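I opened this model to see how its chains are built and where they meet. My notes follow in the order in which I looked things up.

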Amino acid sequence: MKGAEKIDIDRRYCKGCMLCKYICPCDVYELGQERSDLDYLMPRVARIENCKACGLCELHCPDMALTVIGKEKGKEKA
Amino acid sequence: MNPIGEKYLRKAFLPFIFCPGCGDGMIVQALARAVEELGVRDDLALTAGIGCSAWIAVYTHADVLKVLHGRAIPAAIGLKATKPSRKIVTVTGDGDCLAIGGNHLLHACRRNIDITVVMVNNQIYAMTGGQVAPSTPFTGKTQTTPYGNVEKKLDGCRVAIACGATFVSRWSTAHPKQLIKTLKKAISHKGFSYVEVISQCPVQTGRYLLGSGSPQFNLQWIKDHCVKQEDPAKWAEVEAQGNIPIGDFVQLEQPEFMEEVAKMNQRVKEAQAKGGDR
């Protein structure tokens, strides 16, 4: 079964629009308490075990700050 | 930053100038992925006019020509004419393409020159503060039409089809996978390709036209109001319900401008070698 090893949110670029949380069909994200370098509240990866590495959040990130790293030997899923 | 971004963006200009939740960043990504999958990065050249959408071209690490307002298509034609092996992508906004540079769109469509125009439609003049644009829907409230827009909107896809563009399609930022597929087809299509992308602008379109400045609300609005209808004859029923028809509308094979120019040159040379003048 597909899954994500890690979801990386780049704190240099994240603007906290929360489209990743909105678009995720598996309810992986939640609003975090941490602020990014641009002073926006960042999403937090709360339930990574739900992730199917579909890549929707990556495609919908307007700041290209998100990377979903798939489970198979660190190979990145598109 | 995701690996596509590492490869295709100008890092010195980051972070993006776009507002939080703007659709333009998603189009940068879709364009970069389409170029990555086609493997045409070395031949890629982008032109852009003025507007938020022009930044899409500026952030992409390729040859970029940023020109006067509305004149992105003539610049693209010039680039194509000087070196026909280039893959030209013009990124314009709705004001840039339909209002200020409207005439250039008509004649580029008619000429069927092999360029790709990506028109980012956010239904408003967003960069200058939310004035009414030719793409603003009827009765839409903006900064300059506080009692509702009294003009009908101009549909870029209808214009392109009527003027003879050989590849016309419309997708939205809520359909990124289809958009990437269409961009790939458009870039490899021989002839004029017109791809319209309905994009969200939470700050101007969202707050004044739709009633909420939240990026999630705006993306959901696009999802709800974009209906797949690939037959232009049936658009009227979709539009009667206040929805926007999307899909790949037209794909034709017709003589391309630069090939015709090359053929003409060949013909004239042969005629001159025989002693005639034409």
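Entry 1, a proline in a loop. I looked up Pro15(B) and found it in the loop between α1 (3-8) and α2 of chain B. The peptide bond that leads from Leu14(B) to Pro15(B) is cis, its omega being near 0°. I note that this is a predicted model, and that the cis bond is a feature of that model. As background, most peptide bonds are trans, and most residues other than glycine have a negative phi.

I then checked the backbone angles of Ala53(A) and found a positive phi of about 55°, although Ala53(A) is not a glycine. Ala53(A) sits in the loop between β3 (41-45) and α2 of chain A. Met64(A), also not a glycine, has a positive phi of about 55°. Met64(A) is placed in the loop between α2 and β4 of chain A. Are these residues buried or exposed? Ala53(A) has 22 C-beta neighbours inside 10 Å and therefore counts as buried. Met64(A) has 27 such neighbours inside 10 Å, so Met64(A) counts as buried too.

I counted two helices and four strands in chain A. Along the sequence they follow the pattern β-α-β-β-α-β. The C-alpha atoms of chain A fill a box of roughly 35 × 20 × 20 Å along the principal axes. For 78 residues, a compact globule would have a radius of gyration near 12 Å, and chain A agrees with this at 12 Å. Buried residues account for 38% of the 78 in chain A. I also looked at contacts in chain A between residues at least 6 apart in sequence: 57% of them join residues at least 24 apart.

How many residues of chain A are in contact with chain B? I found 21 residues of chain A in contact with 20 residues of chain B. On the chain A side, the elements that give two or more residues are α1, α2 (56-60) and β4 (66-70). Of the elements of chain A, α2(A) gives the most to this side, with three residues.

Chain B has 12 helices and eight strands. The box filled by its C-alpha atoms is roughly 70 × 45 × 30 Å along the principal axes. A compact globule of 278 residues would have a radius of gyration near 19 Å; the value for chain B is 19 Å, which agrees. Of the 278 residues in chain B, 50% are buried. Among contacts in chain B with a separation of 6 or more, 66% are between residues 24 or more positions apart.

Which residues touch the most other members of the largest nonpolar core? The core has 98 residues, and those in question are Leu31(B), Ile56(B), Val91(B), Val118(B), Leu183(B), Tyr194(B) and Val197(B). Helix α2 (residues 24-38) of chain B supplies the largest share of this core, eight residues. I followed up Ile56(B), leaving aside neighbours within four places in sequence. Ile56(B) is in contact with Asp24(B), Ile27(B), Val28(B), Leu31(B) and Val91(B).

I traced an open sheet of eight strands in chain B, in the order β2-β1-β3-β4-β6-β5-β8-β7, with mixed pairing. At the edges stand β2 (63-66) and β7 (226-228) of chain B; each has a single partner strand, so one side of each is left without a neighbour in the sheet. From one strand to the next the twist averages 25°. Strand β7(B) pairs with β8 (residues 244-251) of chain B in the parallel sense over three bridges. In this pairing Lys228(B) stands opposite Ile246(B) of β8(B). Helix α7 (residues 156-163) of chain B packs on the sheet, where it touches β4 (116-121), β5 (167-172), β6 (193-198) and β8 of chain B. The direction of α7(B) makes about 170° with that of β5(B).

I finished with α10(B), which lies across β5, β6, β7 and β8 of chain B and runs at about 35° to β7(B). The buried residues of α10 (residues 215-225) of chain B are Pro215(B), Asn218(B) and Leu219(B). Seen down the axis of α10(B), they fall within an arc of 100°, so they line one face of the helix. What covers them includes α1 (19-23) of chain A and α9 (202-210) of chain B.

How values were computed
Residues are numbered from 1 along each chain as its sequence is written. Chains are lettered from A and ligands numbered from 1 in the order in which they are written. This is a predicted model: local features need pLDDT of at least 70, side-chain atom pairs count only at pLDDT 80 or more; totals for chains, interfaces and linings use all residues. A nonpolar core is a set of buried Ala, Val, Leu, Ile, Met, Phe, Trp, Tyr and Cys residues joined through C-beta atoms within 7 Å. A residue is buried if 20 or more other C-beta atoms lie within 10 Å of its own, exposed if 12 or fewer, and partly exposed in between; C-beta atoms are placed from the backbone. Two residues are in contact if their C-beta atoms, placed from the backbone, lie within 7 Å. The arc is that of the directions from the helix axis to the C-beta atoms. Two strands pair if DSSP finds at least two bridges between them. Axes are lines fitted to C-alpha atoms, for helices over the stretch in contact, and angles run from 0 to 180 degrees between N-to-C directions. The radius of gyration is taken over C-alpha atoms; the globule rule is 2.2 Å times the number of residues to the power 0.38.
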